[in-house]
Amino acid sequence: METTDSNSIRAKPWLAPNAQAGSYALGMLGLEERKLLYHLTRNTYSGEGAVVELGAFCGASTCCLAAGLRDNPRAAGRCVHSYDSFIASEPYLVDFIRTQFGERIEQGQSFAAIFRRATKQFADLIEVHAGDLLEQTWVAGVPIEILFVDVAKTLALSGKVLIDFFAHLTPHKSIVIHQDFYHPTAFYLPVVMDYLMDHFSIIEAGRDWSVVFRLEKEIPREKLEIASRYKFSFRQQHAALARMMHRVGMPGRDHLRLSNCALIGTTFGDSRFRAALELAIRRAKVEADQVWLDGLAWCGDFQSTRIRTRLYGSPSLMPAPTTADEAYLRSLKIIAAVAERTASLFARNQRVR
């Protein structure tokens with residue numbers, strides 16, 4: 001079953017040479033992501049369901065989504081439901097606000113006033129839901145047509161998104177944009193989406209850090225609950241990342257190599273992370289790719305304890321790797337060594353010829 005919006009999705013208007021971004025408000029979004037969000041609400045959105053933004057920060061994505069609604073005749077009476085705690089909970093948020101907005105703010109303080117100023121021109125197209133997402137819910141029975149996810153920074157938040165928001169998606173209609181899909185620390189996002197891929201198609205494999213999915217088949221509640229609990233073994237997670245690498249193609253395949261390194265490091269520790277990173281760099285085909293370069297910069301400051309704390313709340317709450325996990329990792333190292341040796345011999349033979 002195809003909807004009237006399928007043609008606009010296939011056309012990918014966000015890729016047109018003259019594609020507009022809708023807004024250039026200050027924020028962490030890339031230009032390609034801005035174009036993507038604007039054109040999804042401008043050209044693809046039918047007006048039948050809600051537009052929901054989970055993670056607004058200072059309003060860059062909010063403005064792009066709202067601009068699309070403003071310019072879409074089918075969106076009359078609709079708004080962007082924008083969720084955020086509006087609290088600068090991490091040092092990088094404080095630094096960004098200070099450098100980009102010139103605002104002196106301390107960690108733990110609110111930046112809601114900055115958001116209101118940044119989104120002022122679209123105020124009538126935005127409904128703000130301020131507060132901890134873990135304490136909020138979506139309106140029962142109201143379908144979500146476009147879901148922008150930039151809040152799934154922990155496993156608890158990822159689970160909340162799945163249970164309270166994915167449950168309201170509509171088959172053949174709803175679009176999900178995962179903004180952190182290629183961020184190494186969010187390796188669980190491609191794992192979860194691989195688990196749910198019987199229900200989704202990929203309509204955009206990479207605009208900056210974002211990947212876009214369309215729901216094709218209803219997801220059973222039980223399956224969402226399994227995904228939200230994230231009890232997958234290391235082997236299951238590694239295999240899921242490998243499948244997702246194949247699905248997204250290049251350059252996303254190389255971006256997910258760094259996610260795989262983060263998975264290994266989070267599970268087995270910093271030394272295993274560094275070994276995996278060296279191998280990923282040798283195997284990578286991308287060069288002057290900003291997502292890859294930004295990912296490498298993040299990897300330069302990798303600390304397994306910090307990531308475990310972020311994902312689980314405390315390093316002690318993360319399940320320890322099993323004997324089977326250790327054996328599987330050793331087998332991966334052997335396979336990688338054989339593959340590199342084979343590739344080296346092949347290259348040598350080619351030079352001889």
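Predicted model: local features only at pLDDT ≥ 70, side-chain atom pairs only at ≥ 80, totals over all residues.
Biologist: What makes the protein as compact as a globular protein of its length?

Modeller: The secondary structure comprises 14 helices and 7 strands. For 353 residues the globule rule gives 20 Å, and the radius of gyration is 21 Å, close to that value; the protein is therefore as compact as a globular protein of that length. Along the principal axes, the C-alpha trace spans about 65 × 45 × 40 Å.

Biologist: Why is L147 called buried?

Modeller: Buried means under 20% relative accessible area. L147 has 0% relative accessibility, so L147 counts as buried. Of the 353 residues of the protein, 54% count as buried.

Biologist: Where is L147 found, and which residues does L147 touch?

Modeller: L147 belongs to strand β4, residues 144-149. Leaving aside residues up to four places away in sequence, L147 touches V52, L54, F165, F166, L169, I175, V176 and I177. A contact requires heavy atoms within 4.5 Å.

Biologist: How far apart are L147 and Y38 in sequence and in space?

Modeller: They are separated by 109 residues in sequence and by 13 Å in space, C-alpha to C-alpha.

Biologist: What percentage of contacts between residues at least 6 apart in sequence join residues at least 24 apart?

Modeller: In the protein, 73% of such contacts do.

Definitions and conventions. Residues numbered from 1 in each chain as written. Heavy atoms only, no water. Helix = DSSP H or I, 4+ residues; strand = E, 2+ residues; numbered from the N terminus. Buried < 20%, exposed > 50% of the residue type's maximum accessible area, 1.4 Å probe, protein only. Rg over C-alpha atoms; globule rule 2.2 N^0.38 Å.
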